[in-house]
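Have the viewer open as you read.

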Amino acid sequence: MKFRIGFIIAIVASCLASCKGTEEPLPTISVEKSEYYAAAAGEQVSVTVTSNKSDWTFEIKDTWVKGEKNGSGLKLTVEPNEQYDPRTTTVNLKAGDASASFSLTQAALIFEPQLEVDAEKTVALSDKAQKLSVNVLTNMDSWVFEMAEQDWIKATSSASSIDFEISQNMVEVERSVDVTVYAPDKENYMMQTSFKIVQAEADIQYENTDLSEKATSNCYVITHKGPYSFKATVRGNGKTVEGLKAPSALNPSKAKLVWQTSVGVINSVSLDGGEIHFEAGKKAGNALIAALDASGKIIWSWHIWRPEVELKDVKVEDGSYFQNINLGAVTDDHTVVGCYGLLYQWGRKDPFPGSELMDGGNTSIDNVPVYDIDGKVVDINSTSMYNTRDNSIAFSIANPTVCISNNSQKASCRDWLTPSESNLALWGNPQGSVRNKETYPNKGSKTYYDPCPVGYRVPHVQVYQHMTSLGSMVWAQGESEGVLGWYNLGGEAYFAGYDINQDGLLNMKDWTDGWWIYTNTTDGTYSFFPATSRYDGNYAMLMGSMVGYWGNYWTNAPGLNSDGSDSYMGMAFAFGIYDYGVFDKYSVTASASSNGARADGYAIRCIKE
């Protein structure tokens with residue numbers, strides 16, 4: 001019995017030992033990292049899972065991530081994040097009683113604002129009435145547009161476009177408007193873009209305009225493109241006046257463009273019978289057209305003037321009427337050189353182009369370039385400084401691009417003509433410097449050498465008399481802060497300058513390359529007189545001419561000596577600044593009855609006949 005019991009115990013012990021060795025292990029599960037990341041655009045993320053249980057499971061609460069067991073790992077499919085903030089979810093893993101987890105963070109969408117229009121930077125339109133739609137492309141929630149109010153174009157916006165309604169252009173001036181698009185709005189815009197709408201000028205087909213139909217002159221004003229004509233057989237206004245030989249008729253064989261200030265002022269020139277015909281282009285400016293004899297020599301020339309502003313009459317103190325801009329000026333904008341106009345030697349009919357600079361000081365400067373019909377630069381030349389071979393009226397007529405020097409005779413004669421050819425009546429007022437209004441009215445009459453257009457002429461001395469005390473010279477000196485007072489030889493004086501900045505003082509703050517000057521103090525009319533400078537008569541060129549500091553304006557009166565003999569000078573209105581900017585001091589002068597060398601080239605402000 002003892003043996004049997006011991007055997008049974010041994011078997012049970014052996015069985016217990018064997019059963020303990022085959023017991024199942026505890027479940028485990030883990031992942032490589034506790035944090036995973038996905039791109040904003042979406043992607044697939046692989047996660048390696050380690051577990052001793054093959055039936056492990058996973059749970060993802062957020063729907064923007066899908067999971068799939070893939071062998072020994074987990075494949076996560078992440079949708080694109082269309083939000084502007086990052087997002088995170090937790091993935092839970094479980095194997096029996098064992099568990100693990102990790103986070104998945106997806107980056108935010110990086111917002112790149114986009115805004116564009118399906119239009120060129122400049123949208124060019126014809127002159128016709130039309131409609132235009134411009135699509136706006138953006139990824140922002142809203143957008144607005146801004147456009148200056150114009151009577152020729154109306155605009156409305158829809159969800160994705162700007163729609164324009166454009167009226168027909170009836171004038172020969174190109175017009176334009178800028179359009180700016182903001183998103184999401186103008187105050188808080190993240191992006192903006194702009195474009196310009198440009199409508200062509202009216203394509204008007206003009207019939208020929210006969211410029212000399214009512215009267216002839218050495219200058220004709222034109223206002224539009226197209227065909228023009230004028231008589232080429234008449235010298236200037238064709239009038240006979242005292243002191244000049246009666247003008248003989250011209251018999252031209254051909255015609256040509258001598259110069260123009262821009263290519264496109266004049267497109268073509270021809271001679272038909274006794275008339276010159278020309279085709280004006282689109283550009284404003286000045287030109288010189290000549291009649292030639294059979295040998296090609298110039299026998300007369302005419303100034304064609306096309307300003308870009310309307311010519312108006314400005315009332316003057318003595319009852320005359322100025323034109324509102326200088327002869328040859330193209331604009332009344334005093335900030336650009338186009339307001340200066342052209343320059344003339346006293347008694348000559350043909351103009352010279354002025355300075356290309358607004359402010360040239362006393363340095364040598366170039367004239368505004370001029371061009372022939374083919375666009376080649378035309379030189380403005382001068383005669384010899386060492387002889388008077390070419391100092392004649394005949395030479396001046398045949399050579400309208402040559403400024404005539406008086407250097408070789410300046411000690412005795414300041415005219416561009418020699419004493420034997422000098423003529424006090426060239427501009428029709430031989431005794432114009434005589435100031436007794438009762439015995440001599442000082443006005444004169446227009447001659448066939450006068451350079452002003454039809455209906456106008458070079459002004460007489462009285463036109464400028466009111467501009468300074470007693471019609472004589474006045475001056476002022478002061479600090480840069482203001483003029484202390486005006487003086488002449490009799491003491492206190494005045495200059496009829498206009499206080500343009502309205503600070504109660506007439507000083508350098510009112511000077512902008514010239515003066516605003518009262519033409520009529522009674523009714524307060526004033527006009528801008530630019531500091532046009534001059535052609536120096538000695539050198540016959542723009543040299544040391546103080547452009548931007550001096551203003552010189554011819555009258556039709558020659559200067560006379562006290563005994564009534566010819567002084568070879570010309571009467572002029574003049575003003576200027578001297579020593580400007582030196583030690584913060586300056587002096588200014590103005591004279592309504594100045595004398596200038598007739599060889600100098602001055603500006604002209606024409607008056608109504």
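## Strand pairing

Two strands count as paired if DSSP finds at least two bridges between them. In this predicted model, strand E15 (residues 175-183) runs antiparallel to strand E16 (residues 191-199), and the two are joined over 9 bridges. To find your place in that pair, look at Val179, whose bridge partner in E16 is Phe195. Both strands belong to an open sheet of 4 strands, ordered E10-E16-E15-E12, with mixed pairing. Its edges are strand E10 (122-125) and strand E12 (144-147), each of which pairs on one side only. From one strand to the next, the twist averages 20°.

Strand E8 (residues 98-106) is worth a visit too. With strand E2 (residues 35-38) it pairs in the parallel sense over 4 bridges, and there Glu35 has Ser103 of E8 as its bridge partner. With strand E7 (residues 87-95), E8 pairs in the antiparallel sense over 9 bridges. Ala95 is bridged to Ala98 in E8. E7 and E8 make a hairpin with 2 residues between them, and Gly96 in the turn has a positive phi of about 60°.

## Confidence

How far can the coordinates be trusted? The average pLDDT of the chain is 91, and 93% of the residues score at least 70. Residues 1-19 are another matter: pLDDT stays under 50 there, and the model has 0 contacts beyond four places in sequence for this stretch. Where pLDDT is low, the predicted coordinates should not be read in detail.

## The largest pocket

Rolling a probe the size of a water molecule over the atoms shows where empty space is left. The largest pocket has a volume of about 360 Å³. Its lining has 22 residues, and those nearest the centre are Arg235, Ile393, Ile397, Tyr448 and Tyr449. Two elements give two or more residues to this lining, namely strand E24 (298-306) and helix H2 (393-398). H2 gives the most, with 4 residues.

What classes of residue make up the lining of the largest pocket? There are 14 nonpolar, 4 polar and 4 charged residues.

## The cavity

There is 1 cavity of 30 Å³ or more. The largest cavity holds about 80 Å³ of space. Its lining is made by Gly347, Arg348, Lys349, Asp350, Ile393, Ser396, Ile397, Trp416 and Tyr449. By class, these residues divide into 4 nonpolar, 2 polar and 3 charged.

## Backbone details

Most residues other than glycine have a negative phi, and most peptide bonds are trans. Two places in this model deserve a look with that in mind. The peptide bond from Ala183 to Pro184 is cis, with omega near 0°. Pro184 sits in the loop between E15 and E16, the antiparallel pair with 9 bridges.

You will find Gln502 in the loop between strand E36 (491-492) and strand E37 (514-520).

Terms used:
Residues numbered from 1 in each chain as written. Predicted model: local features only at pLDDT ≥ 70, side-chain atom pairs only at ≥ 80, totals over all residues. Heavy atoms only, no water. pLDDT = per-residue confidence, 0-100. Contact = heavy atoms within 4.5 Å. 1 Å grid on protein atoms, 1.4 Å probe; cavity = no way out; pocket = protein on both sides within 12 Å on 5 of 7 lines; lining within 4 Å. Points joined across faces, edges and corners; volume = space filled by probe spheres on them. Nonpolar A, V, L, I, M, F, W, Y, C, P; charged D, E, K, R; others polar. Axes fitted to C-alpha atoms, helices over the stretch in contact; angles between N-to-C directions.
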